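Here is a short note for a colleague new to this entry. Please keep the structure open while reading the points below.

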Amino acid sequence: MATNNTDDTTDRIEALIDRLTLEEKIDLVHGDDDPDELATGYLPGIERLDVPSLSMVDGPLGVRPGTATAFPASIALAAAWDDDLAHEQGEALGRETLGADQDALLAPGFNIVRVPQGGRTFEYYSEDPYLASRLAVGTVEGVQDAGAIATAKHFVANNQEQDRHEVSAEVSERALREVYLPAFEAAVTEGDVGSVMAAYNRINGTYATEHEWLLSDVLKDEWGFDGYVVSDWWATSDGVAAANAGLDIDMPGIPVSQWHAEESLLHDVIERLPDTLPKQSIAKLASTPWLPENVNPNLFDRSPFEVELPEAVRRGQVAESDLDEKIRRVLGQMERFGLFDDEQPSGAFGAGEHRDVATRVAERGAVLLRNEGNVLPLSPETDSIAVIGPNADSAKVGGGGSSRVTPDSTVSPLEGIRERVGGDTRVAFARGTEPIDDTEGVAGVNFDLSEFAPGGSSSGDGAPGVGDAVVAARQADVAVVFVQDDAAEGTDRSLWLPGEQDRLVAAVADVADRTVVVCNTAGAIRMPWADDVDAVVEMWYPGQEDGHATAAVLFGDSDPSGRLPVTFGRRLDDYPASTEDRYPGVGLEAEYDEGVFVGYRHFDAEGIEPQFAFGHGLSYTDFAYSDVAVDHDGEPDATVEVTVENVGERPGRDVVQVYLGPADAPLERPPKALAAFETVALDAGEAVTVTLDLDSRAFAYYDVEAGEWTAADGEYTVLVGRSSRDIVAERTVIVEESTIVE
Ligand code: BGC
């Protein structure tokens, strides 16, 4: 049974709990209609007792209702490898949340990028638990410092969109502890996050919303989480099991037809159906041929907490004291964030309030993957530039699904480049192929409704062909080709670029003097043309300021200081989860039997050469490392010092990365794992000495039998480098005694 007492409950909350009726108590633990139709999830509060409402809103790339600042995708933020920047973006997100009259932000999301095809990789940070942890803490603290409640999602092992409502991650405790849980743990123990969202999927056969070991034993008891656990939307099917396991709030509590009516694409679909079809009951649509089988079955129901708990409490199936504990957690956070006394800061929202932050993050997340012959940066005095690409005249704001933000203005790459160059530069534009449509993706609904969307799907103007692009490329000094994918929540993606884009790049590269490819993708992609082009820049989904940030990077106003937070393999088989058993799984079970060998840990262990390694990213200047020293006293921790000098001719930014290779242990460990990093900005000729701390967890593995983190004794290798495959210095340290660490 979930009986965890929180520390920061107050007399007021205890007094309220005493006065609440059973019905009122249940109303405080499930969502209902938001009269303003703004919130993604809404608890109405209890008027009789002056308990205010609680409004939760999506999401990680910006807030959802109305127009808001559209920030770069989370993976772009992650690529900057900078927890201070994460704090800054988090703070802006928190201010927008409050500015939109909402209390809790349904972000950040930081599931580990286990399969590169994941449809939501753009919403997450990394394949590496340490990097994900640092960014999770930075973002959570930023959101909460601004005065909004942050929500760490999706707890846990929600690593694919395919079958997400049913699939069971068959995963060992060791892999959970070492790979999938650390960022959540850090968000709780360091970030003091107010809320955690329980995922859709099952973990070892049990739904995340009903997983007592995860929700109560690990999250609440072990880590001391004292906020509330909210379900993902319509994730709960068994209210009693979920209540007893430790779920505190069931969301959204209402059937999809009632939810977010204004915004829901599904709602539009219902409205557009012929009169002869029932409009009010989405449930009836289930019998129509176009509704596929994999729709979340809970979409059509009211909250299982509302429906099941009254009787369950009366019968003693759910202890009333457990219900009180949920309320203590919910009201505790509402009190902590000033909801009771109207003490919330005011925030700021919309009209690009945080445009500068959005631009800066997009620039900082840019990863220069390749730059043969220093073709980049471009000179603004270049005579002629051919801007090519099916969508180069629109900003890549984000991906589809619940993280979609509507900005009030956008800057396309074409506009950004035109604005940046002087009047003497000729900028030609050719699409080269049909535009790639954004996939909408509807939260909770696993299928593409675009053909039913208002206006239908666009086919662009005319019928652009590769021929136009080839002509433009031939006539220009440099061709910049913009390619993009169309990732969306609810479906996984192909690693191949959609449409004819690969053919387009190859054709341009064939004829252009110099070819630069800018990728706007959700994560790793296949790049069959990588060796044939001069430069490749990964800009991810840069948000509303796309064109400004992209131009700043291309013309060298900003050094592309991003580093890959995920490995780019050469082919699908290179990645660890490339068998059907592992992904997407067989019989709705995905075997995580690669264990802790996720991402670069697998590439290293198997000796596979990636296309672009984890941590890789070039700069427009050069850096030299010297005086690498390790301070160590036989305990499982160490301090590394390294002097970094900008030996090039331009200002730039570098990310010093420290990996740790383990001592022999009674179990197999990855050859190395990221243990510390530091981002430094240096003028030409400037040098700085960076100090990086390796904590005891970096040395340890999780000993499942003992239930402890253990650092084996023996020799560890400290690897200092510029990527996981570009190690410039190695030192050894010896841990004298096998040690149990915190
Ligand atoms: C997503 C969540 C989101 C929720 C509410 C779900 O489909 O998985 O990330 O917060 O919808 O929109």
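1. Start with Glu736. Glu736 is exposed, at 60% relative accessible area. Exposed means over 50%, so Glu736 passes that cut-off. The residue sits in the loop between strand 25 (726-735) and strand 26 (739-741). Bear in mind that this is a predicted model.

2. Glu736 belongs to a negative surface patch. Other members include Asp631, Asp633, Glu635, Asp693 and Glu737.

3. Now the salt bridges. How many does a search of the whole structure find? The search gives 45. One of them pairs Glu594 with Arg114, with the closest N and O atoms 2.6 Å apart. Glu594 lies in the loop between strand 16 (589-591) and helix 19 (600-606), and Arg114 in the loop between strand 3 (104-105) and helix 5 (129-145), so the pair ties together parts 480 residues apart in sequence. Glu594 is buried, at 5% relative accessible area. Arg114 is buried too, at 3%.

4. Look next at Arg725. Its side chain meets that of Asp604 in a salt bridge, 3.0 Å from N to O. Arg725 is in the loop between strand 24 (714-723) and strand 25, while Asp604 is in helix 19, so this contact ties together parts 121 residues apart in sequence. Arg725 is partly exposed, at 32%, whereas Asp604 is buried, at 13%.

5. Arg725 also forms a salt bridge with Glu609, at 3.5 Å from N to O. Glu609 lies in the loop between helix 19 and strand 17 (623-631), 116 residues from Arg725.

6. Last, helix 8 (residues 212-222). Its buried residues include Leu214, Leu215, Val218 and Leu219. Gly224 follows helix 8, with a positive phi near 75°.

How values were computed
Residues numbered from 1 in each chain as written. Predicted model: local features only at pLDDT ≥ 70, side-chain atom pairs only at ≥ 80, totals over all residues. Heavy atoms only, no water. Patch = residues over 30% accessible without salt bridge, like charges linked within 9 Å, V, L, I, M, F, W, Y side chains within 5 Å. Areas by Shrake-Rupley, 256 points an atom, 1.4 Å probe, with all protein chains shown as cover. Salt bridge = Lys/Arg side-chain N within 4 Å of Asp/Glu carboxyl O. Lys, Arg positive; Asp, Glu negative; His and termini not counted. Charge placed at Lys NZ, Arg CZ, Asp CG, Glu CD. Helix = DSSP H or I, 4+ residues; strand = E, 2+ residues; numbered from the N terminus. Buried < 20%, exposed > 50% of the residue type's maximum accessible area, 1.4 Å probe, protein only.
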